[in-house]
Amino acid sequence: MNKYHHLYEQLIQHTDKDNVLVNEPIREHTYTKLGGAADFYITPSTYEEVQAIIRFANQEDVPFTMLGNGSNLIVKDGGIRGIVMNLQQLSSIWREGDKVISQSGARIIDASRFALNEELAGLEFACGIPGSVGGALYMNAGAYGGEIKDALESTIVATKDGELLTLTADQLDLSYRTSNIPDNGYIVLEATFALKPGNKEEIKEMMDDLTYKRESKQPLEYPSCGSVFKRPPGFFAGKLIQDCNLQGKQIGGAEVSTKHAGFIVNKSNATASEYISLIQFVQATVKERFDVQLEREVRIIGDDVEG
């Protein structure tokens with residue numbers, strides 16, 4: 001019995017009991033289909049519930065982990081202790097003037113499609129990014145020449161003390177695949193994107209083109225965390241990996257994709273340990289061959305298996 005399980009009765013005072021799962025396998029909630037269990041997997045349905053659960057975790061000194069939709073994440077085989085919060089129920093998207101406002105649990109793809117239907121331009125680049133809106137802000141997600149900071153106007157976040165703040169995009173220090181959200185312990189609840197009126201057919205044409213490029217080049221037929229590495233200055237990670245003849249390299253059930261060298265796929269019931277070992281092998285090989293240190297874009301969290 002985990003030492004936090006006695007807290008269940010208290011947790012369901014802060015959200016509906018259907019929103020609190022015990023010993024929930026995280027692999028059910030990540031794109032890689034990897035990871036052990038969370039002690040508590042909580043999906044609050046209001047901002048007030050988010051605040052209450054944060055404050056409860058602080059008060060009881062329970063470890064707290066925020067999980068987006070698990071697209072850019074590897075959870076270790078030992079799982080995650082304490083509370084894992086997912087905001088999938090906070091997924092509303094609406095329009096105010098030429099702005100699209102989205103709760104953080106919505107997929108950034110859906111925000112992009114909503115903008116298309118409203119004939120608003122500026123989120124086309126996000127039409128193939130698999131993450132949640134909150135996750136997209138967390139890492140300033142981008143694709144095909146666009147990134148979140150190009151469109152974001154402001155955000156509402158919960159602090160690590162459970163207070164709500166409204167911040168401008170400039171206050172998030174958004175740069176290549178980074179922000180100050182993790183350093184400050186912020187939890188994104190809502191994002192406002194400032195867009196421009198556009199021609200629906202032109203917006204759709206661009207999105208269709210980007211979708212084709214993504215589907216034709218990326219190994220979407222297997223579970224993966226997406227692009228594993230950041231782009232090193234002056235190079236392309238995929239090209240370096242390809243030039244090391246690493247495509248098809250396997251450790252256990254994890255494989256460097258034969259379709260796109262920048263991806264590692266869960267080809268056959270891989271463990272997180274195998275997946276991480278392959279990432280490290282790729283990094284070491286590229287460093288030895290080209291003296292370039294590949295930096296991970298994907299986050300790795302959780303515990304190793306005990307023993």
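Modeller: Buried means under 20% relative accessible area, exposed over 50%, and partly exposed in between, with a 1.4 Å probe and protein chains only. This is a predicted model, so local features need pLDDT of at least 70 and side-chain atom pairs pLDDT 80 or more, while totals for chains, interfaces and linings use all residues. Residues are numbered from 1 along each chain as its sequence is written, and side-chain values use heavy atoms, without hydrogens and water.

Biologist: Is Glu221 buried, partly exposed or exposed?

Modeller: Glu221 has a salt-bridge partner, Lys259, at 4.0 Å, N to O. A salt bridge puts a side-chain nitrogen of Lys or Arg within 4 Å of a carboxyl oxygen of Asp or Glu. Lys259, at 38%, is partly exposed. Glu221, at 52% relative accessibility, is exposed.

Biologist: How many residues apart are Lys259 and Glu221?

Modeller: The two meet in a salt bridge. Lys259 sits in the loop between strands S17 (254–256) and S18 (263–266). Glu221 sits in the loop between helix H7 and strand S15 (224–227).

Biologist: Which parts of the structure does the pair Glu255 and Lys267 tie together?

Modeller: Their closest N and O atoms are 3.2 Å apart. Glu255 is buried at 5%, whereas Lys267 is partly exposed at 36%. They are 12 residues apart in sequence, so the bridge ties strand S17 to the loop between S18 and helix H9 (272–290).

Biologist: What separates Lys204 and Asp208 in helix H7?

Modeller: Their side chains form a salt bridge of 2.8 Å, N to O. Lys204 is partly exposed at 35%, and Asp208 is partly exposed at 40%. Because they are 4 residues apart in H7 (residues 200–217), the separation is about one helical turn.

Biologist: How many salt bridges does the whole structure hold?

Modeller: Some join into a network, which links Asp39, Arg81 and Asp303. The search of the whole structure gives a total of 18.

Note on methods. Helices (H or I, at least four residues) and strands (E, at least two) are DSSP runs, numbered from the N terminus.
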